[in-house]
Each structure stands twice: as C-alpha cells, then as structure tokens.
Amino acid sequence: MRVRDAWPLLCPADDGSDEATYWLFDDARTSWATVEYVPGRDAYETEQYGPRRLWDEVAAAYRDWHAAGSPPRSAHRISINPSRQSIGTG
C-alpha cells in the first residue's frame, strides 16, 4: 500500500531453476524496477529506471515495516465508506 499507483509482475524462469524476475511498473508507465531472485541468495540484483525510484520506495516501506516489529497482515485493518478509504494497524 505504500508504493501507490504501481503494479507488479512476477516472471518465473522457464528452465526449472526456481529463479524469477520481479518487475514493478508505475501507472504512468514512466518508471520501472526489477529484482532478480535466485534461490539461496541473501542479496538480489536490482535495477530501476525513471523519475520515480520505485525500488527505493519499496525498500523504505520494508524498513518501516521492519522497524514496526514486522506486524503480520492480520494486524492491519482496512476501512472503506462512501467518502473515504484508510488502512491502519490496530
């Protein structure tokens, strides 16, 4: 939810290696980021392009989630009514 107006695409390798490329695109189609997943590695190659630094946004959201104690999905609530939508913890 922190990286708004963006959408993911996961592309698994077709060679049986369990490797994958994770793409993230912004809705304006001006920025993208990729992460190359390789099983067993602790660090992944990343690349980003465009005016939005999408992977930087993802990394900042991850750091904030981790600093908050890595709360599970069940700790978040979504409220929707005709005039407003919100996401919070509680």
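Ile-78 counts as exposed because its relative accessibility is 63% (buried is under 20%, exposed over 50%, partly exposed in between, with a 1.4 Å probe and protein chains only). Ile-78 lies in strand β5. Helices (H or I, at least four residues) and strands (E, at least two) are DSSP runs, numbered from the N terminus. This is a predicted model, in which local features need pLDDT of at least 70 and side-chain atom pairs need 80 or more, while totals for chains, interfaces and linings use all residues. Residues are numbered from 1 along each chain as its sequence is written, and side-chain values use heavy atoms, without hydrogens and water.

Ile-80 is also placed in strand β5. Its relative accessibility is 64%, so Ile-80 counts as exposed. From Ile-80 to Pro-8 the C-alpha distance is 24 Å. In sequence, those two residues are 72 residues apart.

## A nonpolar surface patch

Which residues form the nonpolar patch on the surface? They are Met-1, Ile-78, Ile-80 and Ile-87. Together they have about 480 Å² of accessible area (Shrake-Rupley method, 1.4 Å probe, only the protein chains shown as cover). Patch residues have over 30% relative accessible area and no salt bridge; like charges are joined within 9 Å, nonpolar side chains (Val, Leu, Ile, Met, Phe, Trp, Tyr) within 5 Å.

## The largest pocket

The largest pocket has a volume of about 830 Å³. Of its 20 lining residues, the closest to the centre are Met-1, Arg-2, Ala-61, Trp-65 and His-76. Helix α1 supplies the largest share, six residues. By class, the lining has 15 nonpolar, one polar and four charged residues (Ala, Val, Leu, Ile, Met, Phe, Trp, Tyr, Cys and Pro are nonpolar; Asp, Glu, Lys and Arg charged; the others, Gly among them, polar).

A pocket is an open set of points on a 1 Å grid over the protein atoms alone, where a 1.4 Å probe fits, with protein on both sides within 12 Å along at least five of seven lines; lining residues have an atom within 4 Å of a point. Volume is the space filled by probe spheres set on the points, which are joined across faces, edges and corners.

## Two salt bridges

How many salt bridges does the count come to? The count is two (a side-chain nitrogen of Lys or Arg within 4 Å of a carboxyl oxygen of Asp or Glu). One joins the side chains of Arg-2 and Asp-64, at 2.7 Å from N to O. Arg-2 lies in the segment before β1 and Asp-64 in helix α1, so this pair ties together parts that are 62 residues apart in sequence. Asp-64 is partly exposed because its relative accessibility is 41%.

Arg-52 and Glu-57 also meet in a salt bridge through their side chains. Here the N to O distance is 2.7 Å. Glu-57 has 25% relative accessibility, so Glu-57 counts as partly exposed.

## Positive phi in two loops

Most residues other than glycine have a negative phi. Arg-29 has a positive phi, near 60°. Arg-29 sits in the loop between β2 and β3 (32–37). With 65% relative accessibility, Arg-29 counts as exposed.

Phi is positive at Ser-70 too, near 55°. Ser-70 belongs to the loop between α1 and β5. It is partly exposed because its relative accessible area is 27%.

Glu-47 is found in strand β4 (residues 45–49). Is Glu-47 buried or partly exposed? Its relative accessible area is 46%, so Glu-47 is partly exposed. The C-alpha atoms of Glu-47 and Ala-13 are 18 Å apart, and the residues are 34 residues apart in sequence.

Trp-55 is in helix α1. At 24% relative accessibility, Trp-55 counts as partly exposed. Trp-55 and Leu-24 are 31 residues apart in sequence. In space they are 8.1 Å apart, C-alpha to C-alpha.
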